[in-house]
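User: Please take a close look at one part of this predicted model. Then connect it to the rest, in short steps I can follow.

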Amino acid sequence: SQFDADHQPEGVLIMSGPDILTGHTIQGATLADLAPTILHLLQLPTIEPMDGRVLREALKTITPSSFTI
């Protein structure tokens with residue numbers, strides 16, 4: 001088969017928008033970090049327990065809107 005399903009944990013994360021810092025490299029981000037980060041950007045709460053974290057190092061400002069239910 002031309003597809004071997006040998007998945008690697010490394011990947012590429014590209015973020016863009018008015019609240020995102022430019023020209024930064026984020027180390028250690030995982031797929032689980034996307035949901036909390038997107039919820040934060042939408043000013044919505046995360047729900048405990050939720051895997052992942054807000055990728056604060058990618059954001060221009062951290063607002064108090066990042067709260068947990």
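Analyst: Gln-43 sits in the segment after helix 1. Helices here are DSSP runs of H or I with at least four residues, strands are runs of E with at least two, and both are numbered from the N terminus. The phi angle of Gln-43 is near 60°, a positive value in a residue that is not glycine. Most residues other than glycine have a negative phi. Gln-43 counts as exposed because its relative accessible area is 54%. The cut-offs are these: buried is under 20% relative accessible area, exposed is over 50%, and partly exposed is in between (1.4 Å probe, protein chains only).

This is a predicted model, so local features need pLDDT of at least 70, side-chain atom pairs count only at pLDDT 80 or more, and totals for chains, interfaces and linings use all residues. Residues are numbered from 1 along each chain as its sequence is written, and side-chain values use heavy atoms, with hydrogens and water left out.

The segment after helix 1 also holds Pro-49. A cis peptide bond joins Glu-48 to Pro-49, with omega at about -10°. Most peptide bonds are trans.

Now the helix. Helix 1 covers residues 34–41, and Ile-38 lies in it. Ile-38 is partly exposed because its relative accessible area is 46%. Together with Leu-42 and Leu-44, Ile-38 makes a nonpolar surface patch of about 280 Å². A patch takes residues with over 30% relative accessible area and no salt bridge; like charges are joined within 9 Å, and nonpolar side chains (Val, Leu, Ile, Met, Phe, Trp, Tyr) within 5 Å. Areas come from the Shrake-Rupley method with a 1.4 Å probe, and for residues only the protein chains shown count as cover.

Next, the segment before helix 1. Asp-33 lies there. Asp-33 is buried but has no salt bridge. A salt bridge puts a side-chain nitrogen of Lys or Arg within 4 Å of a carboxyl oxygen of Asp or Glu. For Asp-33, the nearest side chain of opposite charge is Arg-53, 4.2 Å away. In counting charge, Lys and Arg are positive, Asp and Glu are negative, and His and the chain ends are left out. The side chain of Asp-33 does reach the backbone nitrogen of Arg-53, at 2.9 Å. Leaving out residues up to four places away in sequence, Asp-33 touches Gly-28, Gly-52, Arg-53 and Leu-55. Touching means heavy atoms within 4.5 Å.

Where does the salt bridge of Arg-53 lead? The side chain of Arg-53 meets that of Glu-57, at 2.9 Å from N to O. The structure holds one salt bridge. Arg-53 is partly exposed because its relative accessible area is 35%. Glu-57 is partly exposed too, at 31%.

Glu-57 is also touched by Ile-26, along with Met-15, Leu-55 and Ala-58, again not counting residues up to four places away in sequence. Ile-26 is found in the segment before helix 1. Ile-26 is partly exposed, at 23% relative accessible area. Ile-26 and Leu-55 are 29 residues apart in sequence, but 8.3 Å apart in space, C-alpha to C-alpha.

Finally, the whole protein. Its secondary structure comes to one helix and zero strands. Of its 69 residues, 17% count as buried. The protein exposes about 5500 Å², and carbon and sulfur atoms supply 58% of that.

How values were computed:
A polar contact is a pair of N or O atoms within 3.5 Å; within protein, one must be able to donate a hydrogen and the other to accept it, and residues adjacent in sequence count only if both atoms are side-chain atoms.
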